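Subject: Structure handover

Hello,

Here is the structure we discussed. My notes on it follow below.

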Amino acid sequence: MNRHMIPLAVFAALLLLFWVGLGLNPKVIPSALIGKEAPKFELPELHDPQKMVNNEMLKGQVTIFNAFASWCISCRQEHHQLLKLQREGFYLVGLNYKDERQDALMYLRQLGGDPYAMIAYDYKGDVGIEWGVSATPETFVVDKKGIVRYKHTGPLYREVIENELIPLIRKLEQES
Amino acid sequence: MKVIVGIFMVMSFLISSSAYALKAGVPLEFENAEQEALYNDMLHELRCTVCQNQSIAGSNAPLADDLRGHLYKMVGEGAGEADIKKFMVDRYGEFVLYRPNFDPSTYLLWVGPFLLLLLGGIVLRLNVRSRSKINSSSDLTAEESELLANHLDSKEEKK
């Protein structure tokens, strides 16, 4: 090889490395939970503190488990997508993360409704830690047996829902 | 005056740097010195996953506060370093450790700098060797030596 080609090759390799490396989103942390059973928890329901929500309730159907909070700006961006998913018949369970009950209820009213079948009210954020939540919104898919199969960090948008979320859920629904 | 300001700044810095051991202004209490040392060590070993370039010691994010609370509780219950790391890695993944474990996914991370150093060393050696060849092959012919001598002489005379 021509020795003048060497610096060029090194430059090209660096360019490729930076192109890929800097293109990655550092906020996306691979979840340690994928393939594992959903963490155990038991929390009061947001609307009705007398009722309890626990991890057993995620089993039996494919569940979209979504951590949100009224103080979280990007949760507002994805809210209409969640409402759409609910209209399409998907089963959503919410985790209201480190929020005031009144604020969360107001938030749901203001943004056009409550897309969740039930909402676990995690005032202290302990259950958030169990799920490895670092920044809301975070969305998990839990299969019928209660195994976490997918995680999306950040607001859900159409491409992710149509290309990843829905195909995965359809596939998981086929499993017994 | 400058000295006083300097002392004041250093002191306020020292005070603020120990503030992480406090929660809501109340000093934490430990059963023994080992527990306290473990708590302080782990504060710097664990990454705050929200503000990714800070350990949970230095971060004011609410999550860091919660993780400090969890850490304090675990230390109080007698958990060891391995237990604490496992708890965090199980939830937040390897990323939560500032010094990730040495396993196949991190081999390149740990060994990479030394590989680069080795590569640099090899390139340097090859370079030096090829240059020393240039020197050794630069013996002058008789004609060239004469020319050089004449040239030097003429310079001497000018002085």
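Helix α5 (residues 158-174) of chain A lies across β6 and β7 of chain A, at about 170 degrees to β7(A). Contact means C-beta atoms, placed from the backbone, within 7 Å; axes are fitted to C-alpha atoms, for helices over the stretch in contact, with angles from 0 to 180 degrees between N-to-C directions. Helices (H or I, at least four residues) and strands (E, at least two) are DSSP runs numbered from the N terminus.

This is a predicted model: local features need pLDDT of at least 70 and side-chain atom pairs pLDDT 80 or more, while totals for chains, interfaces and linings use all residues. Residues are numbered from 1 along each chain as its sequence is written, and chains are lettered from A and ligands numbered from 1 in the order written.

The sheet in chain A is open, with five strands in the order β5-β4-β3-β6-β7 and mixed pairing (two strands pair if DSSP finds at least two bridges between them). β5 (118-122) and β7 (148-153) of chain A are at the edges with a single partner strand each, so one side of each has no neighbour in the sheet.

Strand β3 (residues 63-68) of chain A has six of six residues buried, so it is largely enclosed by the rest of the structure. Buried means 20 or more other C-beta atoms, placed from the backbone, within 10 Å of the residue's own. Six bridges join β3(A) to the parallel strand β4 (residues 91-97) of chain A, and five join β3(A) to the antiparallel β6 (residues 138-142) of chain A. A:Phe65 stands opposite A:Val93 in β4(A) and has A:Phe140 as its bridge partner in β6(A).

Regards

Notes. A residue is buried if 20 or more other C-beta atoms lie within 10 Å of its own, exposed if 12 or fewer, and partly exposed in between; C-beta atoms are placed from the backbone. Two residues are in contact if their C-beta atoms, placed from the backbone, lie within 7 Å.
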